[in-house]
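Please view the sequence and the model together.

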Amino acid sequence: MGDLEYGTDAEQVKRIAEQLRTTRARGVEVAVVVGAGNIYRGLEAAARGMDRATGDYMGMLATVLNALTLQDALEKLGEHTRVLSAIDVKEVAEPYIRRRAMRHLEKDRIVIFAAGTGNPFFTTDTAAALRALEIRAEAILMAKNDVEGVYDADPASNPDARFIPELTHREAIEKGLKVMDSTALSLCMDNDLPIYVFNMADEHNIDRIVSGERVGTLVSSRPAD
């Protein structure tokens, strides 16, 4: 979204695509779950008072738009990509099939998962946790906008908010910290899947995390020392 009130900033998309290209060039298999806050923000007034399931389906369709935008940016950089959608939109994306997704990753393609889980009442956080587990990902990298990681309060409204470098999934759930929604956190906790929460504004952060550096907040099953 960049500095726009809603919509898509082409330069931001290009910057994200370049970070993903750098990561894949290291030999890392990369799969991406996209949200749709940048588009749905412009639909909030229309969605107010709407049936929840209908609003959620609108959000899922909006993620397809973002997935295609990211695919186009990646392919302009020479990357091979596939968009897999949980909702049938066969004219623009492949249907999500777990083994097909894993095969694309084995062939060094960047896989973009669209339409969340395909079900209303589930967020893209839950989709990220679910897809990560299905493809046997080693970790989830949770990008945040201009926030370094997890804090004990909202740093935008509380200047005394304390940065938390490491915590467990259970602590995040019990303290109500806005890492992911509770369904996604529970999935990650039950399956020992670590989450790295980092600031997307720093274009080197993804590469640092993949290289083993400690960046942002690590949410894992092990308590901090």
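Where is Ala115 found? Ala115 is in the loop between strand S4 (110-114) and helix H6 (124-134). Helices (H or I, at least four residues) and strands (E, at least two) are DSSP runs, numbered from the N terminus.

## Basis of the model

This is a predicted model, in which local features need pLDDT of at least 70 and side-chain atom pairs count only at pLDDT 80 or more, while totals for chains, interfaces and linings use all residues. Residues are numbered from 1 along each chain as its sequence is written, and side-chain values use heavy atoms, with hydrogens and water left out.

## Positive phi in the loop

Most residues other than glycine have a negative phi. Ala115, although not a glycine, has a positive phi of about 70°. Ala115 counts as buried because its relative accessibility is 0%; buried means under 20% relative accessible area, exposed over 50%, and partly exposed in between (1.4 Å probe, protein chains only).

Phe121 is also found in the loop between S4 and H6. Its phi is positive, about 75°, although Phe121 is not a glycine. With a relative accessibility of 52%, Phe121 counts as exposed.

## Asp56 and its contacts

Asp56 lies in helix H4 (residues 52-76) and counts as buried, at 18% relative accessibility. Leaving aside residues up to four places away in sequence, Asp56 touches Pro120 and Phe121 (contact means heavy atoms within 4.5 Å).

The side chain of Asp56 also makes a polar contact with the side chain of Arg52, at 2.8 Å. A polar contact is a pair of N or O atoms within 3.5 Å; within protein, one must be able to donate a hydrogen and the other to accept it, and residues adjacent in sequence count only if both atoms are side-chain atoms.
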